[in-house]
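Here is a short briefing on one protein chain. Keep the structure in view as you read.

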Amino acid sequence: LLPGPRATLYFIYNGLPVDSDRLQDESATVRQMMDGALYELPRDHGLERQWRTRLVQLLPTATNREVWLDFMLEAIPALQAEGWEVLVAADFPYRIARADDWYGDLESDRRQGWFNLRLGVIVDGQHVNLLPALARYLQTSLAAGDQTSLATDATTAPEPREANAGCRVGEQWLVALDDGRYLPIAIERIQRIANTLVELFDRDGLSAQQALSLPRSHTGRIVQLARELNGPALRSNDTTLRALLDDLEASGGVKPLAAPADFRATLRPYQEEGLGWLQFLRRHGLGGILADDMGLGKTVQTLAHLALEKQQGRLRKPSLIVAPVSTLGNWQQEVQRFTPELSVLLLHGSRRKESFPLIAKVDVVITGYSLLQLDSEVLLAQDFYLLILDEAQTIKNPRAKVSGMARALRAEHRLALTGTPVENHLGELWSLFDCVQPGLLRDERNFQRHYRTPIEKEGNRSRAQALAQRLAPFLLRRTKDAVAKDLPPKTEIVETLAFDERQRDFYDGIRLASHRRIQEVVQQQGLARSQITILDALLKLRQACCDPRLLRVGSGNAEIPSAKLEWLSSVLPELIDEGRRVLVFSQFTSMLRLIEAAVTALGIPYCLLTGETQNRSDVIARFQSGGAPLFLISLKAGGTGLNLTAADTVIHYDPWWNPAVEAQATDRAHRIGQDKPVFVYKLIAQDTVEERILQLQADKHELASRLYTQGGASPASWTSTDIEALFAP
């Protein structure tokens, strides 16, 4: 093969090459001097024609680069397999290079906690960093207008416009090397690299040293990429980074650990795995989210972790637990119950400032989210060992003051506890990780572009899988079905209740009036600016489903029956007679008051828990000890942070948009420690907005099947079609 490009065919007779152009000379022979004598060798013209025809069939009919490279990639290996000898001139423009192996170099960055990555192949013993070429290819593809196709299906990406970025041939992309050769890389392999290293899509993805700068917390991604690419050797000049690499490469770095001998609880096997995971994060200075299902013992795993740190002498600073105010007493009791060797300080109440001097002298400090801002001066001045955010969905809004305060707290290690890292959309997950492991998901705009939009709006399973892989080392989630085999079964029953004529007329009157009002407002202000009006109308419809007396419209509401309250009044006495212990949840405190009046008339002893309850711990203790068979609970006040294993029946009087909220409430009873089957009743008014709510819940669970937590649409993302469906007859 000669420059041009051009191919010349030779036939070898007894070591002597014969130019195929002489094929037309039928009388030609091959003459050769050997040992002083002239020999003539007859040529096989028939075989020469056959071979020439074979080459002509394979030679490019055009002179463009892609055609010649395809010939070099496909035709040349085929000819060599048939026994042909192919010589390539040193200045032939379409020479092909072959990679010996992949490699990954991780070097410490000048910024603490960061490293620089170079990823490439070894060609003829030389390391070739492929990241610059990969970045050019991906960035040029984006410039051509395809924002997400490479992350979804790299084979459909447009051709790059920069000549030195190489070109595509079939299912290979050929990188143009500095020496003029082309290195083929499988498109499928590029897709895997792009899915893992999304930073390459950005214009400023690489540093001046042609490396990708990443936080140390991203090391797990590189290990995952190495496995996906079938084992590039990972090298590092940083001993701590090398230790993390070794830990991750050895069975993921997580090994089950037993709790200390003086820990006053027996950990289940999955809880020992959780303790091992917490220790792994601590060992390498990483933050994480423990997102086990409600009831699987996130508290006990966290306390075992603290107890182990105390035993090993690492708990030399106080650790801070931040939780909803309603659960502070429970945390204090659990610390004293399981880890009495830990000194604990509860910051709560009007006289808490008197305890501020003790903060630095104890092992564990407990405070509420609502107190962070009020006590910011003293809390921000203290260095903590471990920051624990319980019910961490509280900081799901990154722009909320409480979220900013949580991020500002100083701690060596950070841990979030929540059974619902995503309640409405993936932006909430970003907010949690921005607090416990800043930089893991980069900035909010980047996360929106590469994950939220493709996953939530486009249903992109590839991006969902890429996100799951990125978070795998830092988010631990187990479901009860998967790990708590000894937990009794949970039976969910949807009770669809039909209105009588009077309640149906009342509901339809509210629905028609609300629908007309919404149509007027949307026409005047647009859908985006009508959210308050829409939500207010939906609130009225949901209240009408519960009990007409909740709405102060018209007159005579007290005479209109409530299908739900009638069902409850009929079923509760039967359940109590059977020995059932019942939790009744409602979002409306006013509805609980109506239920309270009804059960009082029935003579059923009960407990009541709302946001106004003062002696919360006493009320809970009374129910748990058997003082009353019925517990009326507002969803906001009692949906989290309670352990009510004395109950075996849960009734959701009214549904909520998000299934995760209902699941948390249900799990007050269906949790570790429960030894009885749990029955869950969901009361749904037939042919009403509540049935549409069930469909919204199903949509959220569909996203859960693709990720690992519940998520889905919020009212702000509804379309006009959704609104019409919600207010349909």
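Start with an open sheet of six strands, ordered S20-S25-S24-S21-S23-S22 and paired in parallel. Strand S20 (490–497) and strand S22 (606–609) are at the edges with a single partner strand each, so one side of each has no neighbour in the sheet. From one strand to the next, the twist averages 20°.

This is a predicted model: local features need pLDDT of at least 70, side-chain atom pairs count only at pLDDT 80 or more, and totals for chains, interfaces and linings use all residues. Residues are numbered from 1 along each chain as its sequence is written, and side-chain values use heavy atoms, with hydrogens and water left out.

**Terms for the sheet and helices**

- Helices (H or I, at least four residues) and strands (E, at least two) are DSSP runs, numbered from the N terminus.
- Two strands pair if DSSP finds at least two bridges between them.
- Strands of a sheet pair through backbone hydrogen bonds, either parallel or antiparallel.

- Strand S21 (residues 582–586) pairs with strand S24 (residues 649–652) in the parallel sense, over four bridges.
- Leucine 583 has valine 650 in S24 as its bridge partner.
- Helix H24 (residues 659–666) packs on the sheet and touches S20, S21, S24 and strand S25 (678–685). Contact means heavy atoms within 4.5 Å.
- The direction of H24 makes about 150° with that of S24. Axes are lines fitted to C-alpha atoms, for helices over the stretch in contact, and angles run from 0 to 180 degrees between N-to-C directions.

**A hairpin**

- Strand S6 (residues 114–123) and strand S7 (residues 126–129) pair in the antiparallel sense, also over four bridges.
- Isoleucine 122 stands opposite histidine 127 in S7.
- Two residues lie between the strands of this hairpin, and aspartate 124 takes a positive phi near 55°.

**Helix H9**

- The 14 residues of H9 (residues 298–311) should span 20 Å at 1.5 Å a residue, and the end C-alpha atoms are 20 Å apart, which agrees. The expected span is 1.5 Å times one less than the number of residues.
- Twelve of the 14 residues are buried, so H9 is largely enclosed by the rest of the structure. Buried means under 20% relative accessible area, exposed over 50%, and partly exposed in between (1.4 Å probe, protein chains only).
- Among the buried residues of H9 are Val300, Leu303 and Leu306.

**Salt bridges**

- The structure holds 32 salt bridges. Each is a side-chain nitrogen of Lys or Arg within 4 Å of a carboxyl oxygen of Asp or Glu.
- Arginine 580 bridges to aspartate 648, with the closest N and O atoms 3.9 Å apart.
- Arginine 580 lies in the loop between helix H20 (563–577) and S21, and aspartate 648 in the loop between helix H23 (635–638) and S24, so the pair ties together parts that are 68 residues apart in sequence.
- Arginine 580 is partly exposed at 21% relative accessibility, whereas aspartate 648 is buried at 6%.
- Glutamate 354 and arginine 351 meet in a salt bridge (3.2 Å, N to O), and both are exposed.

**The whole chain**

- The chain has 26 helices and 25 strands.
- Of its 729 residues, 54% count as buried.
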